Amino acid sequence: MNIKTNIKHLELALPIYNASGAWCTTEKELHDIAKSKSAAVMFKSMTVKPREGNPEPRLRITDSFSINSMGLPNRGVDYYCKIVDMFAQYQKPLFASIAGFAENEFYDLFERVNDKSFDAIEVNLSCPNVSGKSVFAYNPKISVRILKRLRKRTNKILGVKLPPFNEREEIRNMAEGFVSIGVDFATLINSYPLGCAIDIKKEIMTIKPNMGIGGLGGPSLKAISLAQVVLFHHFSDGKLAIIGVGGVNKGSDIYEYILAGASAVGVGTALIHEGPKIFKRLENELVHMLKEKRVENIKEKIGKLKFME
Ligand code: DHB
């Protein structure tokens, strides 16, 4: 059985790796991912300067969802550029994730990581947790402009991380825009930007920053994320590789994302909850499911979801 997959010319040994933000902020965490069964090492979204992030508590995980308002805690782009070469020994694709607060910062961050041994660069246009800043991806003109300039500057694999959209036409515009400029992949989706969880006993929000409102992830996100994957796959005519993120916690979740049109999945909330050993479990569950379904090669199933007549 073959569970290898591709993001354009980049080969992944299996269709599963860490979603940015999950277990990938420190050197130690990155080594943990590299040593695990994760197919790639995705780095935490990096900013121009190091950041402490928002005050704690800033993450709440329950069985059905997560709420986070981390506020982009990270060591800063220089740190990640300094340590990235260390990870070459693992022989897995290395993904940088860049997060600017202004359009120009994306270009600066990009120059820095583009020079280093990252194999792929994910442009995070969807961080929901920085007070007073809007989500870049909700401005399609700026989003496409940023990716267009970056595309001209690199032959590395180039992708974009997007938030959920509310309308099919928005997705059509984004998908067509990104295909036309040669973006390689879209990671779908970042957390739903406005979620909250209340502690009913104490009658208080369960996280502190931003009035207790942060990005919603975990199992509750899957229904939203799958629909985004289906529509991006449809409107891009299969020309944009898709990484499905949102509520991946078992082998069947991965299979659903593949049918919907994803080439691979990212694991976020469940990785934070279970730790990097999750990748082996997910691989086993996926392989078991493929055997049951007599699927020889997972690539045959990408986007093969059926629709009722
Ligand atoms: C954070 C959250 C995100 O969803 C993201 O894309 C980047 C950063 C955060 O709060 O750290």
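The side chain of Asn129 places an N or O atom 2.8 Å from an oxygen atom of the ligand. The model is predicted. Taken alone, the ligand exposes 290 Å², and the protein buries 93% of that area. The ligand sits in the largest pocket.

- Asn124 has a polar side-chain atom 2.8 Å from an oxygen atom of the ligand.
- For Lys44, an N or O atom of the side chain lies 2.9 Å from a ligand oxygen atom.

**Residues around the ligand**
- The shell includes Lys44, Asn68, Met70, Gly71, Leu72 and Pro73.
- Asn124, Cys127, Pro128, Asn129, Asn190 and Ser191 also surround the ligand.
- By class, the shell residues divide into 5 nonpolar, 6 polar and 1 charged.

**Aromatic pairs**
- The structure contains 10 aromatic pairs.
- One of them joins Phe43 and Phe87, whose ring centres are 5.9 Å apart; the planes meet at 80°, so this pair is edge-to-face, given that angles over 60 degrees count as such.
- Phe43 lies in the loop between β4 (41–42) and β5 (59–61), and Phe87 in the loop between α2 (77–83) and β7 (94–98).

Conventions. Residues are numbered from 1 along each chain as its sequence is written. This is a predicted model: local features need pLDDT of at least 70, side-chain atom pairs count only at pLDDT 80 or more; totals for chains, interfaces and linings use all residues. Side-chain values use heavy atoms; hydrogens and water are left out. A residue is near a molecule or strand if one of its heavy atoms lies within 4 Å of it. A polar contact is a pair of N or O atoms within 3.5 Å; within protein, one must be able to donate a hydrogen and the other to accept it, and residues adjacent in sequence count only if both atoms are side-chain atoms. Accessible areas come from the Shrake-Rupley method with a 1.4 Å probe; for residues, only the protein chains shown count as cover. On a 1 Å grid over the protein atoms alone, a cavity is a set of points where a 1.4 Å probe fits but cannot get out, and a pocket is an open set with protein on both sides within 12 Å along at least five of seven lines; lining residues have an atom within 4 Å of a point. A molecule sits in a cavity or pocket if more than half of its atoms lie within 2 Å of its grid points. Ala, Val, Leu, Ile, Met, Phe, Trp, Tyr, Cys and Pro count as nonpolar, Asp, Glu, Lys and Arg as charged, and the others, Gly among them, as polar. Rings of Phe, Tyr and Trp (its six-membered ring) pair if their centres lie within 6.5 Å; planes under 30 degrees apart count as stacked, over 60 as edge-to-face and the rest as tilted. Helices (H or I, at least four residues) and strands (E, at least two) are DSSP runs, numbered from the N terminus.
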